[in-house]
Amino acid sequence: MGFAVAGSLARKIPIRKAKPAPNLLPANDTPGSSETGQHSLLRFITCGSVDDGKSTLIGRMLYEAGAVFDDQLDALDSDSRKFGTQGAQPDFALLVDGLSAEREQGITIDVAYRYFATETRSFIVADTPGHEQYTRNMATGASTADLAVILVDARKGLLPQTRRHSFIVSLVGVRHVVVAINKMDLVGYDAAVFERIAGAYRAAVRSLGFASIRFVPVSARDGENVMRPSALMPWYDGPALLPYLESVAVSRAAGGEEDFVLPVQWVNRPDLDFRGYAGTPVAGRARIGDPVVALPSGRASRIARLIGAAGEASQIATGQAATVTLEDDIDISRGDVIAAAGTALPVSRGLKARLLWTGERAMLEGSQFLLKLGTQSANAAVETLHHSIDIEGFRPLPAQSLRMNGIGLVTLRLDRPLVSLPYRRSHELGGFILIDRISNETVAFGFVEPGAGEARQVVGEGSVLARAKRGLIRIVGRRGTPDRRAWLAAVSWRVLSTAGLFAAAFVLTANAPASLGFAFGDILLRPGLRALHMRLWRKAPPGALQDGAGI
């Protein structure tokens, strides 16, 4: 069933009336089957820098796909006159940006999810913010995506936030990218501009390991190359954006091939005669009678019963929520993991991980947080900050701290052993968050790296020498950091000052021992006098420290 276009809105669209293509269905209709007979779903995000046109592109796609109802078109007509940034044209971004603050500022703040479908595929699209302040929201939207549509303003080219978002989507495991070079209408649909940006992006992300990168020139505002190829860009011989999203093959890890792993979410104990462990398997398949082991305790047993959504079951597989009962009474609680016997799952008090820091205050070595990994939780301290990532070239750099939106490699020390896997193997057992224990704010997203055993050995070496080395690093800073350079500058100035005092005293007294004692006395006396001076000034009333105070 087609959708009628509101007359006032249709008159404002100079290119064409929006009629649903024959192969498109409204978002609330049942989509057809794919060639394999299986339901095809693509989760993707739009990301990029501020004002690259992410919300406008999604709004235009929904409109072109016939997934916007008459009352929504009427509301868009009214909202475009009130909040729009496109003059007499409809502002399709308002179909996605619903918060009042977003409409007032003309930016995306929160993640907005929209759903629509065609005959060949269903879509869940997340519109994520481009502003640096809301990078954490972008990472949240990317964490469940199969593909990322990264927008680039054709006038501006690659920006730091474009590079940051590209690194983040690779970090969370997105392997397929579409680079939509938007606002081609503002550069005269110039093929040279498109090729230049495409070449720069390929060079910039060469080290990120994407499985596929597709470049599509579009004008989201006018709908050029969104639903069908544009006559204004005859030099582009590839598919339009939405047809490409309909056909792109997104590789996923095959389920059911690995050993059974079930993080325990809840201990189901309705009466004295029943004790079940509820959760959703993240890998493998389990059957009644299979031998299992409870981690981290290592106690072994066998599966007695499996209870799924429809009642008793003979087996369960990845993604099927169920309750498991065991033949033996074992002390198992929320956060423990039930796994097939013989499964090689690392259990460690240390994690080596990449962090995306989202807190307002900088992260320092020694900082302590609450860590949540799946259903597990523990107190965590930053043992070592190995390096941060330079967002321009994605190179590791020495670092003393991680500031907001910084990305770095760390080793964490935990107060209890946790079961974990590298994030590339398991998102459920490899992704975690760090929470500030005072403010309860989520301050970092974490991704477990291979080498948890190495992290355990480093953490276990709580020797005097290791603690002394960490203390020395806190004082003098890491090699190559601004803190180390500042420390060296202060030391060199103190040495030069002492040498000058010694020379002046020796010229006046011609007594080397006395001059040397005077110089070393200055080394000890000056810090003490400075500390006393600062303490006295801190005790002074505020008016004495501020120019014009009290007037």
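Two strands are taken as paired if DSSP finds at least two bridges between them, and strands (E, at least two residues) and helices (H or I, at least four residues) are DSSP runs numbered from the N terminus. The model is predicted, so that local features require pLDDT of at least 70 and side-chain atom pairs count only at pLDDT 80 or more, whereas totals for chains, interfaces and linings use all residues. Residues are numbered from 1 along each chain as its sequence is written, and side-chain values use heavy atoms, with hydrogens and water left out.

Strand β21 (residues 376-390) forms a hairpin with β22, with four residues between the two strands. In the turn, F394 has a positive phi of about 55°. The pairing of β21 with β22 (residues 395-397) is antiparallel and comprises three bridges, with D390 standing opposite R395 of β22. A further hairpin is formed by β20 and β21, with two residues between the strands, and here G374 takes a positive phi near 60°. Strand β20 (residues 368-373) runs antiparallel to β21 and is joined to it by six bridges; Q376 of β21 is the bridge partner of L373. Strand β24 (residues 407-419) also pairs with β21 in the antiparallel sense, over seven bridges, and R413 of β24 is the bridge partner of A381. Strand β21 is mostly covered, 12 of its 15 residues being buried (under 20% relative accessible area, with exposed over 50% and partly exposed in between; 1.4 Å probe, protein chains only).

The axes of α5 and α6 (lines fitted to C-alpha atoms over the stretch in contact, with angles from 0 to 180 degrees between N-to-C directions) come within 10 Å and cross at roughly 35°. The contact (heavy atoms within 4.5 Å) is made by T135, M138, A139 and A142 of α5 and by Q161, R164, H165, I168 and V169 of α6.
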